[in-house]
Amino acid sequence: MKLNNEVRVRFAPSPTGPLHIGGARTALFNWLFAKKLKNHGGKFILRLEDTDIERSKKEFEKDILESLRWLGLDYDEGPDIGGNFGPYRQSEKTEIYKKYLEKLLAESKAYYCFCSKEELDKEREEMMAKDLAPKYSGKCRKYSIEEFQNKIKAGERGVIRFKTPEQEIEFEDLIRGNVKFNAGLMGDIVIAKSLTEPLYNFAVAVDDYDMKISHVIRGEDHLPNTPKQILIQEALGFHHPQYAHLPLILDKSKKKMSKRNLDTSLKDYRDNGYLKEAIVNFIALLGWHPQDDREVLSAEELIDEFDIKRVQKSGAVFDVEKLDWLNGQYIKNLNLEKLAELIKNFIPEKWRVDESILMGAVAAEKERIKKLSDFKELADFFFELSDYNKDLLIWKNMNFDGIADNLNLLKSELEKINEKEFDKERLEAVIAPLTEKYGKGELLWPLRAALSGKKASPGPFEIMDILKKAETLRRIDTALFKLK
RNA sequence: GGCGCUAUCGUCUAGCCUGGUCUAGGACAUUGGAUUUUCAUUCCAAAAACCCGGGUUCAAAUCCCGGUAGCGCUACCA
């Protein structure tokens, strides 16, 4: 890998939709690459590719910026923080593109095309029918500069095409090795709708050069665009950056994960209660792996271990179940205060009133929740016991009378315990001996069911410790009442 | 259709560059078991893959060729 110049990489999304998983992964790899090579300059730049004014929306720009910030992928230069190579929105660079467009036109490396959409479509279909690579015939190349200038002045509308040289073009991809394309098959591509309306491939070619981008790290779907961009850069007299094309992130059906699918936007995951650390960790592992067997890695460890040479060539299926597992791991390792803080965004206002119950519930459910949003469903009974069928209280073959007897026994023992000593240790010390005589399941199942109103929950001692004496006895009474 | 990329357990992957240590390793999921009043956690175990065919070689998951399949691109979107 040549590192003669400062390392400058960019993430260049177009704000035509919220930041999605694939975009986040591309951003992450760029970020890791820059951080890893901070001794070589290592700058990470955010550039908004909003040349499509129809589809680009401010709200999406906002979402992208926010999502990157949330993930902790800080950039050194960008639309909201500036930098020495701005502007960082393509829509603000019209004058620059115009200058280069005029240069290409003046040098006859580009020309105006006045063909209609219908003509073009027909041409394409004909070529496809002949099993040929569909490309523009180049028939408008015949106009001289004066001729097309006159047409434009006369009000005719034309687009600007690049005179694609008919040549083989080869470049080295950091991940895939040598890649070769035959530019003769591409035809003269449209690089701008007009002098002030540049199109993607042209704008990218210009920007990557004048933002001094050293490495372009992007999705594999851009691989066929690369020769176009290199050719445009050559025509402009620019040298081109190095390229690295990341494997695609696939859905279950092995197709490219697209914005159109549900649950691809980062915000969806955030709103579902995934932690940013888990997402960063997980998407880093989609197409990349450290040298050892570790799977749970912090951002710092990721930077330490990152090596673009270890990036996979083939697409990776996004497996939510593994994400869930990883998220659970991060939740388990979070300290209680931090976890409670995060969970507060996922629960009703009134659950936040009693801090001690909330903290207790968080501690009790910590290893049971995979996502922050799971808490609401799992821990609701701590805050409010919902109605349940009395059959829930049945342990194995016990009858209702037996269950009532056991609950009454427990009740009388619990009543003897001082409110101040009503904690897990004390409760266990009192009740454990009873289970030897009356049976564990016989005593503890009805107790736990009475306390939680659920088939599954943390253990009764833990619950009582959190609920405290009065509420514990109240819930036992509720069960007793149901059994009458 | 054309062009390009890719190919190891169901999934993410290690190994491939620098052939033998690979009876192919790890993780998620699955199944069984231990712990446990339940659930979860934790622990133990099992099942599970080198796309196919040739070639090179004493030896190929690893190198070469061909096939097949999948995916991506094929816009006056990015």
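How are H6 and H7 oriented to each other? Keep that question in mind as you start the tour of this predicted model.

**Stop 1: a pair of helices**

Select residues 200-210, which form helix H6, and then residues 226-235, which form helix H7. Their axes come within 9 Å and cross at roughly 60 degrees. H6 and H7 are therefore oblique to each other. The crossing of these helices is right-handed.

Now show the side chains at the contact. On H6, pick Asn 201, Phe 202, Val 204, Ala 205 and Tyr 209; on H7, pick Lys 228, Gln 229, Ile 232 and Gln 233. Sorted by class, this contact has five nonpolar residues, three polar ones and one charged one.

**Stop 2: around the RNA**

Next, select RNA strand B, which has 63 residues around it. The ones that come nearest are Glu 49, Ala 133, Ser 314, Ala 456 and Gly 459.

Colour the surface near RNA strand B by class and you will find 24 nonpolar, 13 polar and 26 charged residues.

**Stop 3: a loop residue**

Finally, click on Asp 307, in the loop between helix H10 (299-305) and S12. Is Asp 307 buried or exposed? Asp 307 is exposed, because 12 other C-beta atoms lie within 10 Å, and a residue with 12 or fewer counts as exposed.

Select Leu 32 as well: its C-alpha atom and that of Asp 307 are separated by 8.8 Å, although the two residues are 275 residues apart along the chain.

How values were computed. Residues numbered from 1 in each chain as written. Chains lettered and ligands numbered in written order. Predicted model: local features only at pLDDT ≥ 70, side-chain atom pairs only at ≥ 80, totals over all residues. Axes fitted to C-alpha atoms, helices over the stretch in contact; angles between N-to-C directions. Helix = DSSP H or I, 4+ residues; strand = E, 2+ residues; numbered from the N terminus. Parallel < 35°, antiparallel > 145°, perpendicular 65-115°, else oblique. Left-handed = near helix turned anticlockwise from the far one by under 90°. Contact = placed C-beta atoms within 7 Å. Nonpolar A, V, L, I, M, F, W, Y, C, P; charged D, E, K, R; others polar. Near = placed C-beta within 6 Å. Buried ≥ 20, exposed ≤ 12 C-beta atoms within 10 Å, placed from the backbone.
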